[in-house]
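Colleague: I am new to this structure and would like to talk it through. May I put some questions to you?

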Amino acid sequence: MQKPHLQPIHQIESLLAYSASGADVNTTIVNGCVLMRGRQLLTRDEKEVLAQATVRGKRIVQGF
């Protein structure tokens, strides 16, 4: 919350919705399960996710 694009803080909900981005996220918890801590994925292999995204992106561009 101490970044220039997150100032001034008047309404926290509006600030998060309109000014924050994924780059501002350090830890993500869903249903009590920590999915990301310190900007590191804990439940998925990041290299595998990126490799699959590349493969699937190429297939989309090719129309398959």
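Colleague: How many salt bridges does the count come to?

Modeller: The count comes to one salt bridge, defined as a side-chain nitrogen of Lys or Arg within 4 Å of a carboxyl oxygen of Asp or Glu. This is a predicted model, in which local features need pLDDT of at least 70, side-chain atom pairs count only at pLDDT 80 or more, and totals for chains, interfaces and linings use all residues. Residues are numbered from 1 along each chain as its sequence is written, and side-chain values use heavy atoms, with hydrogens and water left out.

Colleague: Which side chains meet in that salt bridge?

Modeller: Those of Lys3 and Asp24, at 3.3 Å from N to O. Lys3 is in the segment before α1 and Asp24 in the loop between α1 and β1, 21 residues apart. Helices (H or I, at least four residues) and strands (E, at least two) are DSSP runs, numbered from the N terminus.

Colleague: Why does Lys3 count as partly exposed?

Modeller: Because its relative accessibility is 37%; buried means under 20% relative accessible area, exposed over 50%, and partly exposed in between (1.4 Å probe, protein chains only). Asp24, at 24%, also counts as partly exposed.

Colleague: Turning to the sheet, what is the order of the strands?

Modeller: The order is β1-β2-β3, in an open sheet with antiparallel pairing. The edge strands, β1 (28-30) and β3 (40-41), each pair on one side only. Pairing requires at least two bridges found by DSSP between two strands.

Colleague: How many bridges join β1 to β2?

Modeller: Three, with β2 spanning residues 33-37. Ile29 has Val34 in β2 as its bridge partner.
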